[in-house]
Amino acid sequence: MSGALISYFRNVSASGAGSTTVNYLVVAGGGGGAGLGGGGGGAGGYLESSLSVSAGTYTVTVGAGGSGDVSGGGHIAVVATAGSNSVLGSVTATGGGQGGYGYGQAGFNGGSGGGASSSNTTTYKIGRAHV
């Protein structure tokens with residue numbers, strides 16, 4: 001389904017004279033979850049509002065989800081990755097933070113912060129979405 005969204009939203013055009021107000025919803029990719037007792041990935045940032053646009057072409061970037069840990073529970077932590085940002089003109093939703101890996105690692109900041117690994121006393125870190 002994400003491939004269909006990327007194709008559909010690749011270019012958005014407005015035509016006619018003057019400007020118009022459009023309502024938007026921009027959601028970034030979620031962060032990947034970690035292994036070895038690691039935390040889950042955070043949700044991608046979510047922004048919803050309105051924006052004044054003039055005639056022209058606007059490129060929209062749909063952020064991909066982060067990759068998860070693929071170590072299979074081995075002794076080497078493979079770090080998950082954060083989700084990618086989604087962008088609509090000047091509006092940017094921040095990708096979700098990846099989960100903390102190994103033991104004792106806090107989750108990473110993002111649109112929503114990733115969860116901490118199992119032995120960490122901090123349960124999560126919350127990132128902020130940037131407008």
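Analyst: Along the sequence, the protein chain runs α-β-β-β-β, that is, one helix and four strands. These elements are DSSP runs numbered from the N terminus, with helices (H or I) of at least four residues and strands (E) of at least two. The model is predicted, and local features need pLDDT of at least 70, side-chain atom pairs count only at pLDDT 80 or more, while totals for chains, interfaces and linings use all residues. Residues are numbered from 1 along each chain as its sequence is written, and side-chain values use heavy atoms, with hydrogens and water left out.

Confidence comes before detail. pLDDT is the predictor's confidence in each residue, from 0 to 100, and its average over the protein chain is 76, with 71% of the residues scoring at least 70. In residues 1-10 the pLDDT is below 50, and this stretch has seven contacts in the model beyond near neighbours in sequence. Residues 122-131 also have a pLDDT below 50, with 26 contacts beyond near neighbours. A contact here means heavy atoms within 4.5 Å. Where pLDDT is low, the predicted coordinates should not be read in detail.

For the chain as a whole, 33% of the 131 residues count as buried, where buried means under 20% relative accessible area, exposed over 50% and partly exposed in between (1.4 Å probe, protein chains only). Of the contacts between residues at least 6 apart in sequence, 59% join residues at least 24 apart.

Now the core. The largest nonpolar core consists of eight residues: Tyr24, Val26, Ala28, Leu47, Val60, Leu88, Val91 and Ala93. Two or more of these residues come from each of strand S1 (11-27), strand S2 (46-61) and strand S4 (91-93). Such a core is a set of buried Ala, Val, Leu, Ile, Met, Phe, Trp, Tyr and Cys residues joined through side-chain atoms within 4.5 Å. In soluble globular proteins, nonpolar side chains tend to be buried together.

Setting aside neighbours within four places in sequence, valine 91 is in contact with Tyr24, Val26, Leu47 and Ser86. Leucine 47 is 44 residues away from valine 91 in sequence, yet their C-alpha atoms are 8.3 Å apart. Leucine 88, under the same exclusion of neighbours within four places, touches Tyr24, Val26, Thr59 and Val60.

Leucine 51, in strand S2, is partly exposed at 23% relative accessibility.

Valine 27 belongs to strand S1 and, with a relative accessible area of 41%, is partly exposed. Outside the four places on either side, the contacts of valine 27 are Gly45, Tyr46, Ser86 and Ala93. Alanine 43 lies 16 residues from valine 27 in sequence and 9.1 Å away in space, C-alpha to C-alpha. Together, Leu25, Val27 and Tyr46 form a nonpolar surface patch with about 300 Å² of accessible area. Patches take residues with over 30% relative accessible area and no salt bridge, joining like charges within 9 Å and nonpolar side chains (Val, Leu, Ile, Met, Phe, Trp, Tyr) within 5 Å; a salt bridge is a side-chain nitrogen of Lys or Arg within 4 Å of a carboxyl oxygen of Asp or Glu.

The loop between S2 and strand S3 (86-88) holds alanine 82, which is partly exposed at a relative accessible area of 35%. Leaving out neighbours within four places, alanine 82 contacts Gly31, Gly66, Gly96 and Gln98. From alanine 82 to glycine 42 the C-alpha distance is 8.4 Å, across 40 residues of sequence.

Conventions: Areas by Shrake-Rupley, 256 points an atom, 1.4 Å probe, with all protein chains shown as cover.
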